[in-house]
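My entries follow in the order I made them.

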Amino acid sequence: MIGFSIMMWFLSIILIFLGISLLKGNYFSVHGKVFETTDDKEGYAKELGRPTLLIGIGTLFSGIIAVILPQNYSIIIAIGFLLFVIVIAGIWFYKVQKRFS
């Protein structure tokens, strides 16, 4: 359990820093067809920063859940919570893509 939690914490740190960077308008890590065809590259990066930050915070809470809950089902609940957050963020990413394409 602790190995899963440590891995989730490191991943969440990376995703939170990436989300904050995107929210500031830095688009160095953004690529793709929609990014190449849009005129507002900074606005696109800022819109992608919010769901990225959501995934980072969800990953952090997933690592915390795995440590706090009893050992029998903690990883299953943590992965279920993380999957829920990723589905929400995926729908959010899709809406951002549609708005900028």
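**Ser5**

I began with Ser5. Setting aside neighbours within four places in sequence, I find Ser5 in contact with Gly63, Ala66 and Val67. Ser5 itself sits in helix α1, which covers residues 2-23. Is Ser5 buried or exposed? Its relative accessible area is 0%. Buried means under 20%, so I log Ser5 as buried.

**Model and confidence**

I note that this is a predicted model. I looked up the confidence next. The mean pLDDT of the chain is 88. I also see that 100% of the residues score at least 70. Where is confidence lowest, and where is it highest? It is lowest in helix α2, residues 33-37, with a mean of 74. It is highest in α4, with a mean of 92.

**Whole chain**

I listed the secondary structure. The chain has four helices and zero strands. From the N terminus the order reads α-α-α-α. The C-alpha trace spans about 50 × 20 × 15 Å along its principal axes.

I then checked burial. The chain has 101 residues, and 35% of them count as buried. Its accessible surface is about 6,400 Å². Carbon and sulfur atoms account for 71% of that surface.

I looked at contacts by sequence separation. I took those between residues at least 6 apart in sequence. Of these, 67% join residues at least 24 apart.

I count 8 positive and 5 negative charges in the chain. Their mean positions lie 8 Å apart.

**Ala78**

I moved on to Ala78, which is in helix α4. Which residues does Ala78 touch, leaving aside neighbours within four places in sequence? I find Phe4, Ser62, Ile65 and Ala66. Ala66 is also on the contact list of Ser5. Ala78 has 0% relative accessibility, so I log it as buried.

I also took one distance from Ala78. Thr52 is 26 residues away in sequence. The C-alpha atoms of Ala78 and Thr52 are 18 Å apart in space.

**Aromatic pair**

I searched for ring pairs. The structure holds one aromatic pair. How are the rings of Tyr44 and Phe100 arranged? Their centres are 5.2 Å apart and their planes meet at 70°, so I call the pair edge-to-face. The cut-off for that class is an angle over 60 degrees.

The pair links distant parts of the chain. Tyr44 belongs to helix α3, residues 41-68. Phe100 belongs to helix α4, residues 74-100. They are 56 residues apart.

I checked burial for both partners. Tyr44 has a relative accessible area of 3% and is buried. Phe100 comes out at 18%. The limit for buried is under 20%, so Phe100 counts as buried too.

**Thr37**

Helix α2 is the element where confidence is lowest. Is Thr37 buried or exposed? Its relative accessible area is 57%. Exposed means over 50%, so Thr37 goes down as exposed.

I also took the distance from Thr37 to Phe100. The two are 63 residues apart along the chain. Their C-alpha atoms are separated by 8.7 Å. Thr37 is exposed, whereas Phe100 is buried.

Note on methods
Residues numbered from 1 in each chain as written. Predicted model: local features only at pLDDT ≥ 70, side-chain atom pairs only at ≥ 80, totals over all residues. Heavy atoms only, no water. Helix = DSSP H or I, 4+ residues; strand = E, 2+ residues; numbered from the N terminus. Buried < 20%, exposed > 50% of the residue type's maximum accessible area, 1.4 Å probe, protein only. Contact = heavy atoms within 4.5 Å. Areas by Shrake-Rupley, 256 points an atom, 1.4 Å probe, with all protein chains shown as cover. Lys, Arg positive; Asp, Glu negative; His and termini not counted. Charge placed at Lys NZ, Arg CZ, Asp CG, Glu CD. Phe/Tyr/Trp six-rings, centres within 6.5 Å; stacked < 30°, edge-to-face > 60°. pLDDT = per-residue confidence, 0-100.
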